[in-house]
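Biologist: I would like to learn how to read a model like this one. Where do we start?

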Amino acid sequence: MNYKQEILAYSPVNAQEMSEKKVILEYIERFPDTILLRENEFAHLTSSGFIMNEMLDKVLMVHHNIYKTWAWTGGHADGDEDLLHVALKEATEETGVKHIKPLMNTIASLDILPVWGHIKRGCYVPTHMHLSVAYILIADEKEAVEINREENSGVMWIPIEELEKYCNEPEILVVYHKLIQQAKNYVANKA
């Protein structure tokens with residue numbers, strides 16, 4: 001299934017996702033040649049991994065160099081149409097954890113997230129939107145982690161009840177709590 005079919009198949013969990021799914025699909029139609037590329041400077045698809053432990057009570061997060069907060073892993077598609085692959089690749093690159101697997105092979109969250117203008121590798125990146133496709137990933141919290149100095153200054157397991165203590169982005173906390181609920185619902189429905 002390609003990324004557009006995967007987004008079409010995704011069932012929004014609330015009104016926000018329903019509206020943003022519509023906008024994301026419209027944007028894909030308007031910009032089919034650049035939607036997966038940063039060259040689309042106003043908005044482009046990104047893929048994130050919300051990495052949880054097997055018990056679903058901790059999240060593996062990185063201390064983001066640009067945003068100066070603990071956050072999920074993820075990045076730009078850079079032309080890769082397999083957004084789950086992008087999420088897994090970014091999770092490994094940013095945490096050093098080698099054995100990460102998807103809890104489920106489908107999208108867990110769709111969001112449009114603003115990225116404010118910032119400096120990256122000495123160049124100014126203008127304000128733009130990330131059309132965020134997120135997946136819930138699972139890792140063993142006993143596996144060694146490694147900081148990726150280019151991307152982050154820390155890698156740490158955070159208990160889900162302490163996310164507010166570490167994340168200073170209230171709008172992203174809403175997404176994290178939505179993903180935690182999605183993970184719990186998925187496991188409960190599998191049982």
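**Reading a helix and a core**

Modeller: This model is predicted. Start at a helix end: just after H3, glycine 96 has a positive phi of about 80°.

Biologist: What caps the N-terminal end of H3?

Modeller: Aspartate 82 does. One of its side-chain oxygens sits 3.3 Å from the backbone nitrogen of leucine 84.

Biologist: What span should the 13 residues of H3 have?

Modeller: Take 1.5 Å a residue, multiplied by one less than the number of residues. For H3 that gives 18 Å, and the end C-alpha atoms are 18 Å apart, so the two agree.

Biologist: Which residues of H3 are buried?

Modeller: Buried means under 20% relative accessible area. In H3 these are Leu83, Leu84, Val86, Ala87, Glu90, Ala91, Glu94 and Thr95. They cover an arc of only 155° around the axis, so they lie on the same side of H3.

Biologist: Now the core. Which residues have the most contacts inside the largest nonpolar core?

Modeller: Ile7 and Leu45, in a core of 31 residues. Elements that each supply at least two of its residues include helix H1 (3-9), helix H2 (15-30), helix H3 (83-95) and strand E1 (43-52). E9 gives the largest share, 5 residues.

Biologist: What is leucine 45 in contact with, leaving aside its neighbours within four places in sequence?

Modeller: Among its partners are Tyr3, Ile7, Ile24, Ile28, Leu83, Leu131 and Val133. His76 is also in contact with leucine 45.

Biologist: How many residues does the second, separate core have?

Modeller: It has 26, including Phe50, Leu103, Ile160 and Ile172.

Notes. Residues numbered from 1 in each chain as written. Predicted model: local features only at pLDDT ≥ 70, side-chain atom pairs only at ≥ 80, totals over all residues. Heavy atoms only, no water. Core = buried A, V, L, I, M, F, W, Y, C linked by side-chain atoms within 4.5 Å. Buried < 20%, exposed > 50% of the residue type's maximum accessible area, 1.4 Å probe, protein only. Helix = DSSP H or I, 4+ residues; strand = E, 2+ residues; numbered from the N terminus. Contact = heavy atoms within 4.5 Å. Arc of directions from axis to C-beta. Polar contact = N/O pair within 3.5 Å; in protein donor to acceptor, adjacent residues only side chain to side chain.
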